[in-house]
Amino acid sequence: MSCVLVTGGAGYIGSHTVKVLLKRGYEAVVLDNLSTGHRQAVLVDEAHFYQGDIADDELVTSIVEKHGVDSVIHFAAKSLVGESMKHPEMYLWDNTAKSVRFFTTLKECGVRNIIFSSTAAVYGLPEQIPIPEYLEKKPVNPYGESKLMVEKALQWMEQAHGIKWVALRYFNAAGAELTGVIGEDHNPETHLIPLVLQTALGKREAIQVFGTDYDTPDGTCIRDYIHVLDLTDAHILALEALKKGMSSGALNVGTGNGYSVREVIEMAKEVTEREIPVVETERRPGDPAVLVADSTLAQQLLGWKPQFTLREMIASAWKWHSTHPEGYRR
Ligand code: UDP
């Protein structure tokens, strides 16, 4: 089996992917600067964990050579939309410039297969739902722009150097691995499902509903939530398909089902059997009313099919949050 270098392997989606890679018999080596990730989330031994920067040529080269890395899953990035609006330069540097540097090192080391963690934020405020990949890409924040620029860098580097790549455009990742050993732990937390569950735990007084006057059936925003294990599966299938000769390109990964903020909160009440007080507030700037994926292409090309329902996402996330109320800090 080949060795896969996972950057950002100590983060939420990265750590789940590493666990599944190992379970499926891959050798995985993690490179993470631990700026937002957690060492405890990485279920590999010290020999396979490197704390460092993706733009550190010497480090990346030595990892590739030592472990015989032949493919990369690149998660390492900043991912807070609000922060990106305040500090665009930080996102263009960390997400875009460093990725380009990283790909250059990989090219020089002869690593050809790259799976890149992209986002639905590349579409901005889409005019069509569900969203197909070919829709115009008009990001409305530096986070989405920083990821779109990396997709474009990959396209050009493919033409010039023969790199093979798949960019997976995630919709709303949710849930946790089913044994409750690893899960989502962001600081600060900004995502709906963890915040709702922290409210159920009594760690927050109420969940704020950002806007109730959207043009949707109940007035709140609709999102396409996808289980982190379905995402993980898509990464590994994409890697395998690429190695078997699939063409490079970008694929949406969502379930195609949209749920409103109110529906998520109602489902969380049922799953947790707890009170979840709600406060209705203003819209959050930059939130599109509806984001739902058309992931037909990923399903056709990868033979991938999302398995988990919203209830299962919330139940698995609840297992993690209720057993780790302080996340990895305990
Ligand atoms: N949301 C909310 N209250 C919160 C956090 C999020 O109402 O405390 C809403 C948010 O406006 C969006 C949806 O929940 O419509 C999902 O937000 P999240 O930040 O989880 O993901 P995003 O869609 O922004 O990537």
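Tutor: The expected span of a helix is 1.5 Å times one less than its number of residues, and helices (H or I, at least four residues) and strands (E, at least two) are DSSP runs numbered from the N terminus. The model is predicted: local features need pLDDT of at least 70, side-chain atom pairs count only at pLDDT 80 or more, and totals for chains, interfaces and linings use all residues. Residues are numbered from 1 along each chain as its sequence is written.

Student: How do you know what span to expect for α7?

Tutor: Helix α7 covers residues 228-243, 16 residues, for which 22 Å is expected; its first and last C-alpha atoms are 23 Å apart, close to that value. Just after α7, Gly245 has a positive phi of about 110°.

Student: What makes Leu239 in α7 count as buried?

Tutor: A residue is buried if 20 or more other C-beta atoms, placed from the backbone, lie within 10 Å of its own, exposed if 12 or fewer, and partly exposed in between. Leu239 is among the buried residues of α7, as are Val228 and Leu242. Over the protein chain, 46% of the 330 residues are buried.

Student: Why are β12 and β14 called edge strands?

Tutor: Two strands pair if DSSP finds at least two bridges between them. The open sheet runs β12-β9-β14 with mixed pairing, and β12 (259-260) and β14 (290-291) each pair on one side only. Strand β9 (residues 222-223) joins β12 through 2 bridges, antiparallel, with Arg223 opposite Tyr259.
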